[in-house]
Amino acid sequence: MQIIKAEDLGFCFGVRHAIKTAEQMARQYGKVDTLGDLVHNTQVVQRLEQQGVRIVDTFDDVDGAKVMFTAHGVGEKVYDEARARGLQTIDATCPLVRNVQQAVRDLANHGFFVLVFGDKDHVEVRGVLGWANGQALAATEARFDAMTVRRWNKVGIVSQTTQDPRRFTQFVNSFISQYNDDVQEIRVINTICLPTRRQKQSAIDLARRVDLMIVVGGRHSANTRHLAEICQEVGVETHHIERPEEIQVSWLRGRERVGVTAGSSTPDDIIDRVVGHLEEMARRAESQDMAAHRHEAAFSATSGARDGYPDTASTAGGSR
Ligand code: SF4
């Protein structure tokens with residue numbers, strides 16, 4: 001059994017940078033509070049906690065004078081509130097998320113109502129919506145009341161950075177085909193980030209070459225769930241796991257090539273452990289197969305002799 005890793009997998013540069021910043025701050029000041037999860041991965045969050053990186057849900061919970069914003073970014077008013085409370089901010093917003101925030105702000109400033117293609121409850125999307133001066137909403141289906149769309153008049157469309165490019169295209173096409181005549185202008189900005197696109201494409205490429213895909217990452221990670229979905233859509237059996245211990249022997253039976261990919265919140269060491277675990281399972285399965293094969297061969301030789309069908313060597317010996 002061959003274990004093949006996707007070409008692009010695991011931590012993206014935005015998450016890597018945010019984690020490094022948090023670790024540095026914790027080392028420098030003994031601890032650091034981050035507003036919301038730094039990364040959607042329980043194992044990483046626990047490890048960071050041990051280093052002094054603490055997650056807080058609101059500014060009320062901040063212990064000290066510093067607070068860190070994660071790679072997902074926050075809305076414009078959150079900066080104002082931090083300032084008003086006298087908090088010093090450490091901003092680890094990914095530059096690609098910042099591009100989306102700026103695009104949304106520019107569109108809103110130019111009179112566009114902004115549609116953000118994405119999960120309205122996702123922290124990045126909530127932050128992005130917070131740059132539109134109230135002139136935006138998030139959606140994954142282009143189904144709106146025609147009267148409302150007419151009132152919007154000019155519509156800008158952007159995407160959550162980690163969305164699937166094909167679904168974004170479908171959303172845009174669906175909106176245009178339904179409401180083109182109801183608005184004066186539709187402006188589309190593709191804000192899906194390049195690392196996400198590369199990671200998804202390499203997962204698809206790999207899923208086409210293997211007979212089982214293992215997708216590693218937090219169950220709360222939208223990006224990891226998307227990866228698992230697109231591998232399934234290729235038609236290959238796919239399992240989403242958080243830890244190597246979740247891999248079941250039955251998944252591997254009869255497989256020749258197993259592909260491994262991981263979401264952008266999955267650290268390198270978990271990926272390495274999964275690959276190591278798979279290799280160990282493959283080695284064990286192989287030696288069990290060989291032992292079974294030897295046992296079968298030995299059994300057929302002895303039973304053959306017992307049944308009066310001796311092998312060539314015995315026949316030759318017997319004729320002398
Ligand atoms: Fe930045 Fe893309 Fe990573 Fe989000 S997924 S943090 S936008 S690189």
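This is a predicted model: local features need pLDDT of at least 70, side-chain atom pairs count only at pLDDT 80 or more; totals for chains, interfaces and linings use all residues.
Leu87 is found in the loop between helix H3 (76-84) and strand E5 (88-91). Leu87 counts as buried because its relative accessibility is 13%, and buried means under 20%. Between Leu87 and Phe59 there are 8.9 Å in space, C-alpha to C-alpha, and the two residues are 28 residues apart in sequence.

## Aromatic pairs

The structure holds ten aromatic pairs. One of them is formed by Phe59 and Phe69, whose ring centres are 6.5 Å apart and whose planes stand at 45 degrees, a tilted arrangement. Why does this pair tie together separate parts of the chain? Phe59 lies in the loop between strand E3 (53-56) and strand E4 (66-69), while Phe69 lies in strand E4, so the pair ties together parts that are ten residues apart in sequence. Phe59 counts as buried because its relative accessibility is 8%. Phe69 also counts as buried, with a relative accessibility of 0%.

A second pair is made by Phe113 and Trp152. Their ring centres lie 4.2 Å apart and their planes meet at 5 degrees, so this pair is stacked; planes under 30 degrees apart count as stacked. Phe113 belongs to strand E6 (residues 113-117) and Trp152 to helix H6 (residues 146-152), so the pair links distant parts of the chain, 39 residues apart. Both Phe113 and Trp152 are buried.

Which residues do ring pairs link into a cluster? The cluster consists of Phe113, Phe144, Trp152, Phe175 and Tyr179.

Is Gln178 buried, exposed or partly exposed? Gln178 is partly exposed, because its relative accessible area is 37%, and partly exposed covers the range between the 20% limit for buried and the 50% limit for exposed. Val172, by contrast, counts as buried at 8% relative accessibility.

The side chains of Gln178 and Tyr179 are joined by a polar contact of 3.4 Å. Phe144 is 34 residues away from Gln178 in sequence and 9.4 Å away in space, C-alpha to C-alpha. Val172 and Phe59 are 113 residues apart in sequence, and their C-alpha atoms are 37 Å apart in space.

## Two asparagines with positive phi

Asn133 and Asn153 each have a positive phi although neither is a glycine.

Where does the ligand sit? The ligand sits in the largest cavity. Helix H1 (13-29), helix H4 (95-109) and helix H8 (194-207) are the elements that give two or more residues to the shell around the ligand. The residues around the ligand are Cys12, Phe13, Gly14, Cys94, Leu96, Val97, Thr161, Thr162, Cys193, Pro195 and Thr196. How many residues of each class does the shell have? Seven residues of the shell are nonpolar, four are polar and none is charged.

## Met281 in helix H11

Met281 lies in helix H11 (residues 268-306). Met281 is buried, because its relative accessible area is 10%. Met281 and Glu237 are 44 residues apart in sequence, with 18 Å between them in space, C-alpha to C-alpha.

Definitions and conventions. Residues are numbered from 1 along each chain as its sequence is written. Side-chain values use heavy atoms; hydrogens and water are left out. Buried means under 20% relative accessible area, exposed over 50%, partly exposed in between (1.4 Å probe, protein chains only). A polar contact is a pair of N or O atoms within 3.5 Å; within protein, one must be able to donate a hydrogen and the other to accept it, and residues adjacent in sequence count only if both atoms are side-chain atoms. A residue is near a molecule or strand if one of its heavy atoms lies within 4 Å of it. On a 1 Å grid over the protein atoms alone, a cavity is a set of points where a 1.4 Å probe fits but cannot get out, and a pocket is an open set with protein on both sides within 12 Å along at least five of seven lines; lining residues have an atom within 4 Å of a point. A molecule sits in a cavity or pocket if more than half of its atoms lie within 2 Å of its grid points. Helices (H or I, at least four residues) and strands (E, at least two) are DSSP runs, numbered from the N terminus. Ala, Val, Leu, Ile, Met, Phe, Trp, Tyr, Cys and Pro count as nonpolar, Asp, Glu, Lys and Arg as charged, and the others, Gly among them, as polar. Rings of Phe, Tyr and Trp (its six-membered ring) pair if their centres lie within 6.5 Å; planes under 30 degrees apart count as stacked, over 60 as edge-to-face and the rest as tilted.
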